[in-house]
Amino acid sequence: MKTVNSGIFQGVSKPLIGVAFALLTTGTAAADSGPRQEKVQFAKGASSAVIKGRLKGDADVDYVVRAAAGQTLSVTLQETNPQNYFNVLPPGSKGGAMFVGDTGEDYSRTLPTDGDYVVRVYLMRPAARRGETSDYTVTIGVTGKPLTPLPASKDALVPGTPYHATAKIKCVPAYETAAKDCEASVIRRGFDGTATVDIAGGPEVRSILLLKGKPVATNASRIDTLSSERTGDVTIVKVGDTERYEIPDALITGG
């Protein structure tokens, strides 16, 4: 991998106040091995970057940006081809996106967990098959204070993992209709019910960020809604119209 200098960003006619150009670490991937990846590194003191690029056909580009739970990721795209869009994929995604931008909307959302988020810039399949091109400018920003995990000195970790505890919980994952047992793992970010819960059992791991016991963010797609209700010492989190997760207080707080 190599670091590409800021010369690739020449041609921005209106510099943005408080926005810095990024340094990109670029991998040279073959066309059949997936999108080319470029790691976004903000300049010192900057919280966003303006990146210019060009697409042709199915040569998608993944911009990888490191961010943490509780922070806000924002993305905007300007393009010369109306079939040029972007998706946002969460850390560890198997292909599922937490935002599908084929309506041309901007993106701004609180993040549920720590890790590498991917902004995938692409042409829609018909345009890609025709070998069309697009010149684009993508602006990627990360703002806000991260919700830091409790250190192991204050709350012991499950050996070999970043999690403070694991448990079986009742859930109805994506694309399923019947309740079952799912494996839930928690990263506690305070003793007040602030935590990230990762739930395995569906096609993708579902990450849910709770702030003082209330769910505030998830890695589900933008069309899903997030709601909750209390039953005894359990928070029942609903994602969209179908997903349901029963999270006990003891898992979140350790009590």
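Q: How many salt bridges does the structure hold?
A: In this predicted model, the structure holds 14 salt bridges.

Q: What about Arg 36, which residue does its side chain meet in a salt bridge?
A: The side chain of Arg 36 meets that of Glu 38, with an N to O distance of 2.8 Å.

Q: And is Glu 38 buried or exposed?
A: Glu 38 is buried, because its relative accessible area is 6% and the cut-off for buried is under 20%.

Q: Which residue does Glu 132 pair with in a salt bridge?
A: The side chain of Glu 132 meets that of Arg 130, at 2.7 Å from N to O. Glu 132 is partly exposed, with a relative accessible area of 22%, whereas Arg 130 is exposed, with 55%.

Q: What does Asp 181 form a salt bridge with?
A: Asp 181 forms a salt bridge with Lys 170, and the closest N and O atoms of the two are 3.2 Å apart. Asp 181 lies in strand E13 and Lys 170 in strand E12, so this pair ties together parts that are 11 residues apart in sequence. Asp 181 counts as partly exposed at 48% relative accessibility, and Lys 170 is also partly exposed, with a relative accessible area of 43%.

Q: Staying with E12 and E13, what is found in the loop between them?
A: Tyr 175 is found in that loop, between strand E12 (165–172) and strand E13 (180–188). The phi of Tyr 175 is near 70 degrees, which is a positive value in a residue other than glycine.

Q: OK, and is Tyr 175 buried or exposed?
A: Tyr 175 counts as exposed, because its relative accessibility is 80%.

Q: What is the phi of Lys 212 near, and where is that residue?
A: Lys 212 has a phi near 55 degrees, again a positive value in a residue other than glycine. Lys 212 has its place in the loop between strand E15 (206–211) and strand E16 (214–218), and with a relative accessible area of 64% Lys 212 is exposed.

Q: Switching to the inside, which residues of the largest nonpolar core touch the most other members?
A: That core has 27 residues, and the ones that touch the most other members are Tyr 63, Leu 73, Phe 86, Tyr 107 and Ile 140. The elements giving two or more residues to this core include strand E4 (48–56), strand E5 (61–67), strand E6 (72–79), E7, E10 and helix H1 (125–129), as well as strand E11 (133–143). Apart from it lies another core, of 18 residues, and among them are Ala 165, Ile 169, Ala 220 and Val 237.

Q: What does Tyr 107 touch?
A: Leaving aside residues up to four places away in sequence, Tyr 107 touches Leu 73, Ser 74, Val 75, Phe 86, Val 88, Met 98 and Phe 99.

Q: Phe 86 and Val 88 are in E7, so which way do they point from that strand?
A: Phe 86 and Val 88 point one way from E7 together with Asn 84, while Tyr 85, Asn 87 and Leu 89 point the other way, and all of these are buried. Strand E7 (residues 84–89) is thus mostly covered, with six of its six residues buried.

Q: How many bridges join E7 to E10?
A: Six bridges join E7 to strand E10 (residues 115–123), and the two run antiparallel. In this pairing Asn 84 stands opposite Leu 123 in E10. E7 also pairs with strand E8 (residues 99–100), in the antiparallel sense over two bridges, and there Asn 87 stands opposite Val 100.

Q: One last topic, what order does the open sheet of four strands have?
A: The order is E4-E11-E6-E9, with antiparallel pairing. E4 and strand E9 (107–110) are the edge strands, each pairing on one side only, and the twist from one strand to the next averages 15 degrees.

Q: How many bridges do E6 and E9 pair over?
A: E6 and E9 pair over four bridges in the antiparallel sense, and Leu 73 stands opposite Arg 109 in E9. Leu 73 is also one of the residues that touch the most other members of the largest nonpolar core.

Key:
Residues numbered from 1 in each chain as written. Heavy atoms only, no water. Buried < 20%, exposed > 50% of the residue type's maximum accessible area, 1.4 Å probe, protein only. Pairing = 2+ DSSP bridges. Core = buried A, V, L, I, M, F, W, Y, C linked by side-chain atoms within 4.5 Å. Contact = heavy atoms within 4.5 Å. Salt bridge = Lys/Arg side-chain N within 4 Å of Asp/Glu carboxyl O. Axes fitted to C-alpha atoms, helices over the stretch in contact; angles between N-to-C directions.
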